[in-house]
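Please read them alongside the coordinates.

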Amino acid sequence: ASRTEWKAPNAGNLWWRVLAATPAIADWCRTYPGDVLYGECYGKVQDLKYGCKPGEVRFAAFDILRRGEWIDACNMRSELAVYGVPMVPLLYHGPYDATLIESLADGPSMIHGADHVREGVVVKPEHERRDDHFGRVALKLVSAEYLSRAK
């Protein structure tokens, strides 16, 4: 199927707009039907615009669910890179360090073109795992600067 065959049933819908603006997502979806690509739409979505022009929306992937299992973060990044699917910025890869993670939560956004604070940092293990009490091991430390910004 060619990229032009994707017709948006509701062109005003945010997700269809992102798909139209990011053909790499459609390419990935055709290759992996049944898998779920998780990501965030940004731009004309909230008060933080991430360098987007008026009306522009973008997408950044952060997870893939395949046959009911989350795939490891490094495998996700490698796979999506082949298709050119945009991904959330990788701020750090290495052993867990609470002090370092806390320092990464605040600061300017790492999205190209953004001129505002970072929303925070997501922490995931290199290999997916579950905790008997909490479930999937994936946490987000929200930026104090993001929480305290004036709206």
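1. Burial comes up throughout, so its cut-offs come first: a residue is buried under 20% relative accessible area, exposed over 50% and partly exposed in between, with a 1.4 Å probe and protein chains only. By that rule, 33% of the 151 residues of the chain are buried.

2. This is a predicted model, in which local features need pLDDT of at least 70 and side-chain atom pairs count only at pLDDT 80 or more, while totals for chains, interfaces and linings use all residues. Residues are numbered from 1 along each chain as its sequence is written, and side-chain values use heavy atoms, with hydrogens and water left out.

3. Five helices and seven strands make up the secondary structure of the chain; helices (H or I, at least four residues) and strands (E, at least two) are DSSP runs, numbered from the N terminus. Their order from the N terminus on is α-α-β-β-β-α-α-β-β-β-β-α. The C-alpha trace spans about 50 × 40 × 25 Å along its principal axes. The accessible surface is about 9600 Å², and 56% of this belongs to carbon and sulfur atoms; areas come from the Shrake-Rupley method with a 1.4 Å probe, and for residues only the protein chains shown count as cover.

4. Contact here means heavy atoms within 4.5 Å. Among contacts in the chain with a separation of 6 or more, 50% are between residues 24 or more positions apart.

5. How do the axes of H1 and H2 cross? The axes of helix H1 (residues 14-21) and helix H2 (residues 23-31) come within 5 Å and cross at roughly 95°. That makes H1 roughly perpendicular to H2, the term for angles of 65 to 115 degrees (under 35 is roughly parallel, over 145 roughly antiparallel, the rest oblique). Axes are lines fitted to C-alpha atoms, for helices over the stretch in contact, and the angles run from 0 to 180 degrees between N-to-C directions.

6. At this crossing, Val18, Leu19, Ala20 and Ala21 of H1 meet Pro23, Ile25 and Ala26 of H2. The contact is made of seven nonpolar residues, with no polar and no charged ones. Nonpolar covers Ala, Val, Leu, Ile, Met, Phe, Trp, Tyr, Cys and Pro; Asp, Glu, Lys and Arg count as charged, and the others, Gly among them, as polar.

7. Which residues of H2 are buried? They are Ala24, Ile25, Ala26, Asp27 and Trp28. The buried residues of H2 pack against H1, strand E1 (36-43), strand E2 (57-66) and helix H3 (73-83). Ala24 has a relative accessible area of 10% and is therefore buried. Leaving aside neighbours within four places in sequence, Ala24 is in contact with Tyr83, Gly84 and Val85.

8. A nonpolar core is a set of buried Ala, Val, Leu, Ile, Met, Phe, Trp, Tyr and Cys residues joined through side-chain atoms within 4.5 Å. The largest has 16 residues, and those with the most contacts inside it are Ile25, Leu37, Phe59, Ile64, Leu80 and Val85. H1, H2, E1, E2 and H3 each supply at least two residues of this core. A second, separate core of seven residues includes Leu48, Tyr50, Ala60 and Tyr146.

9. What does Leu80 touch, not counting residues up to four places away in sequence? Its partners are Trp28, Leu37, Ala61, Ile64, Val85 and Met87.

10. Leu14 belongs to H1 and is partly exposed, at 24% relative accessibility. Leu14 touches Cys41, Val45 and Val57, residues up to four places away in sequence not being counted.

11. Tyr50, in the loop between E1 and E2, has phi near 55°, a positive value in a residue other than glycine; at 8% relative accessibility, Tyr50 is buried. Arg67, in the loop between E2 and strand E3 (69-70), has phi near 50°, also positive in a residue other than glycine. At 74% relative accessibility, Arg67 counts as exposed.

12. Ala114 sits in the loop between helix H4 (98-105) and strand E4 (120-123). Ala114 and Gly43 are 71 residues apart in sequence and 9.8 Å apart in space, C-alpha to C-alpha.
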